Amino acid sequence: MKISFFKYQGTGNDFVMIDGREKELLLTKKQIEDFCDRRFGIGADGVIILKNQEFCDFEMDYYNADGTQSFCGNGSRCAQAFAKKLGIIHGESHFKAIDGFHHGKTVGQLFATQMKDVNEVQQLGDDYFIHTGSPHYIKYVDDVEKVDVEKEGAAIRNSAPYKMEGVNVNFVSISGNTLKVRTFERGVEGETYSCGTGVTAVAMSFLVKENAYHKSVSIETKGGELKIDLDRIAEHQFENVWLIGPAEEVYAGTIGL
């Protein structure tokens, strides 16, 4: 059996997109791993199956490269771009993900997802832990380009507090008015070019760190630039949080199950 797929990327975070509206598609853990394999499969950070949802425009059923599930910020923006291609949406949208319902919109040629409100920021010495749909550990460094992300990220991800559930690890350096971020992602178990929930957590940690109330924070990832618009309403409380950036189709094809 062959199925059609589309490949999308959002600042280098790449996904296999499948239209699952007409026929239910249940992929096994191994099939997802095979799809995401960069040597023997399509190659991606995750798989998204777009499904019908009676209470909103669509549902994004997201799987990490290892078959586990979580919310994916960049994936949600790519899901909007895919839904627009399929004619499901045209501008604003309302969709369901594993962590509940989200709003989406276009900002010029960019796609934006409204993230969940955050009411807790854990300060761990000079580091931070924030859950933005996925758990994130944030560590500020002098020069993010000099960090061994694979080694240091894996060490934190597999440390005692996080080993069972896993945690994404974001290394951040401040360069003028821009934050440079590199991320080790659980589920991929390595560095990705970008992480939407990660840069959202980084923006929040930066405002707490600097005791600032900026309405917008620019983030430079390995795969390009993202922007987070947000309202800091209390020391550790954030509302009206939007993740904004590009989402593009790369190619389409078919693959056997």
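1. Glu 189 is partly exposed, at a relative accessible area of 36% (buried is under 20%, exposed over 50%, partly exposed in between, with a 1.4 Å probe and protein chains only). Its phi is near 60 degrees, a positive value in a residue other than glycine. Glu 189 sits in the loop between strand S12 (178-185) and strand S13 (190-192); helices (H or I, at least four residues) and strands (E, at least two) are DSSP runs, numbered from the N terminus.

2. A word on the source: this is a predicted model, where local features need pLDDT of at least 70 and side-chain atom pairs count only at pLDDT 80 or more, while totals for chains, interfaces and linings use all residues. Residues are numbered from 1 along each chain as its sequence is written, and side-chain values use heavy atoms, with hydrogens and water left out.

3. Although not a glycine, Asn 240 has a positive phi of about 50 degrees. This residue belongs to strand S16 (residues 237-245) and is partly exposed, with a relative accessible area of 37%.

4. Now the largest pocket, which holds about 240 Å³ of space. A pocket here is an open set of points on a 1 Å grid over the protein atoms alone, where a 1.4 Å probe fits, with protein on both sides within 12 Å along at least five of seven lines. Of its 14 lining residues (an atom within 4 Å of a point), Ile 3, Ile 18, Asp 19, Gly 20 and Lys 23 are the closest to the centre. Strand S1 (2-10) and strand S2 (13-19) are the elements that give two or more residues to this lining.

Note on methods: Points joined across faces, edges and corners; volume = space filled by probe spheres on them.
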